[in-house]
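Please look over the sequence and the model shown here before reading on.

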Amino acid sequence: MEPAFTLTGVNLSLSTACSAKCIFCPIQRGGGSPRHMSVDIVRNIVEQVQREPALRAVKHFECGENGDAFLNPQALDCLRAIRQHVPDAGISIFTNFQGLDPEIAEILIKEKLVDRLWCNIDGHDETHYRAVKNAGLERARKNIVAFLKHRETAGARVPLNIACVNYHDYYTAIKKNFGFVPTNVKSPSEPLLRKNFGLIRAQWLPQLNQQLDSIQPVKFFFSWAEREKAALQPLNYKRYTCPALHRIRTEAFISPGGLWYACCMDAACELIIGDTTRTPLAELAKSPRRAGLINMLAARKFQEIGGPCKTVNCCEFISLHPIETRVRRVWRRVKPHVHGFMKRFQVRAGSRRLPTDQNAALGG
Ligand code: SF4
Ligand code: SF4
């Protein structure tokens with residue numbers, strides 16, 4: 001049995017609601033949990049992190065897990081609670097900027113409530129953006145510009161990392177890797193819009209801070225929105241590894257209702273480790289249930305685990321080129337063995353180079 005690993009980060013799903021409907025995002029987010037997390041749930045967690053020695057290693061909170069945090073009317077108070085109780089922890093937020101309006105941006109900067117923002121800008125015009133996100137570009141654009149202005153005025157160093165998904169690329173990657181049309185593409189006759197990263201980049205680069213920010217095209221896609229269709233296809237589980245195992249070993253994922261669920265790929269919160277409103281976080285962290293899940297994932301018992309793990313093929317990054325997807329899959333499987341071998345080899349090679357007395361000290 002693997003040990004229950006020390007927590008270093010907590011992912012808080014401040015909201016599972018979202019005003020967008022991206023082609024690459026599962027529609028069923030959050031399961032039966034309430035849509036928004038209350039300040040009480042956040043406070044309960046951060047107070048424990050503050051006082052509990054077993055949680056001292058927690059140094060990061062991601063607050064945009066599984067939805068758009070800024071649709072939660074208490075989002076700012078939730079962030080204030082984290083800052084108040086764990087002031088030295090980093091706070092990052094994934095957001096689509098639809099709800100992060102200029103007033104919220106001003107407060108975020110003024111009160112230092114965030115250390116990093118991540119967002120997607122999936123189009124250079126309304127048509128391309130809407131094809132990917134089912135939401136309007138103009139609102140997001142205004143809000144991003146307002147955030148950048150507030151940041152500049154305050155001289156704040158809060159990086160903005162932008163990723164750009166292209167409709168054509170996602171559509172093609174799903175078609176080539178799975179053989180079906182993406183679940184959220186309702187009409188296959190939708191235009192296979194052109195590649196547009198160059199255009200998006202040209203629009204945004206002049207407004208970004210070259211030292212702080214980044215803008216990148218997405219080349220590998222998650223296919224977690226495709227689970228239902230993928231579940232109908234046979235799967236050779238032996239070929240797969242859990243791509244989030246390293247995070248599951250060190251991070252907690254908390255739903256708006258306070259339930260600790262398996263991972264960021266468990267959109268409907270199906271695999272529950274425990275309820276943070278009833279059981280202390282440190283107790284859940286070392287619980288047999290968590291250790292058992294980690295153990296089963298390491299042993300690749302995806303079918304027995306059930307839930308989203310049954311379609312583990314939808315958890316990996318897929319490429320436009322299926323051969324690349326397969327190579328990465330094989331590499332993930334053999335990587336731990338290669339690293340283990342290299343480590344052993346390095347220790348032996350290193351011990352041969354050491355003077356005799358140091359070899360003796362190492363027991364060599
Ligand atoms: S990916 Fe993010 S922005 Fe898009 S629908 Fe999902 S939660 Fe909303
Ligand atoms: S295999 Fe299961 S635990 Fe691993 S990433 Fe997928 S859903 Fe999460």
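This is a predicted model: local features need pLDDT of at least 70, side-chain atom pairs count only at pLDDT 80 or more; totals for chains, interfaces and linings use all residues.

Residues are numbered from 1 along each chain as its sequence is written, and chains are lettered from A and ligands numbered from 1 in the order in which they are written.

**Confidence**
- The average pLDDT (the predictor's confidence in each residue, from 0 to 100) is 90 for the protein, and 89% of the residues score at least 70.
- Over residues 349–364 pLDDT stays under 50, and for this stretch the model has five contacts beyond four places in sequence, two residues being in contact if their C-beta atoms, placed from the backbone, lie within 7 Å.

**Overall fold**
- The protein has 14 helices and 11 strands, and of its 364 residues 38% are buried.
- A residue is buried if 20 or more other C-beta atoms lie within 10 Å of its own, exposed if 12 or fewer, and partly exposed in between, with C-beta atoms placed from the backbone.
- Of the contacts with a separation of 6 or more, 78% join residues 24 or more positions apart.

- Not counting residues up to four places away in sequence, Val42 touches Leu12, Met37, Cys78, Ala81 and Ile82.
- In helix 2 (residues 75–85), the residues Ala75, Cys78, Leu79, Ala81 and Ile82 are buried. They lie on the same side of helix 2 because they cover an arc of only 155 degrees around the axis, taken from the directions from the helix axis to the C-beta atoms.
- These buried residues of helix 2 pack against helix 1 (39–51), strand 2 (60–62) and strand 3 (90–94).

**Ligand shells**
- Ligand 1 is surrounded by Cys18, Ala20, Lys21, Cys22, Cys25, Gly67, Asp68 and Asn96, a residue being near a molecule if its C-beta atom, placed from the backbone, lies within 6 Å of it.
- By class, the shell of ligand 1 has four nonpolar, two polar and two charged residues, where Ala, Val, Leu, Ile, Met, Phe, Trp, Tyr, Cys and Pro count as nonpolar, Asp, Glu, Lys and Arg as charged, and the others, Gly among them, as polar.
- Ligand 2 is surrounded by 14 residues, of which the closest are Cys242, Ala244, Cys263, Cys309 and Cys315; the shell divides into 13 nonpolar, no polar and one charged.

**Individual loop residues**
- Asn313 counts as buried because 23 other C-beta atoms lie within 10 Å, and, leaving aside neighbours within four places in sequence, Asn313 is in contact with Ala230, Leu235 and Tyr240.
- Asn134, in the loop between helix 4 (126–133) and helix 5 (137–154), has a positive phi of about 55 degrees although it is not a glycine, and is partly exposed, with 15 other C-beta atoms within 10 Å.
- Cys269, in the loop between strand 9 (259–261) and strand 10 (272–275), has a positive phi near 50 degrees and counts as buried, with 26 C-beta neighbours inside 10 Å.

Terms used
Helices (H or I, at least four residues) and strands (E, at least two) are DSSP runs, numbered from the N terminus.
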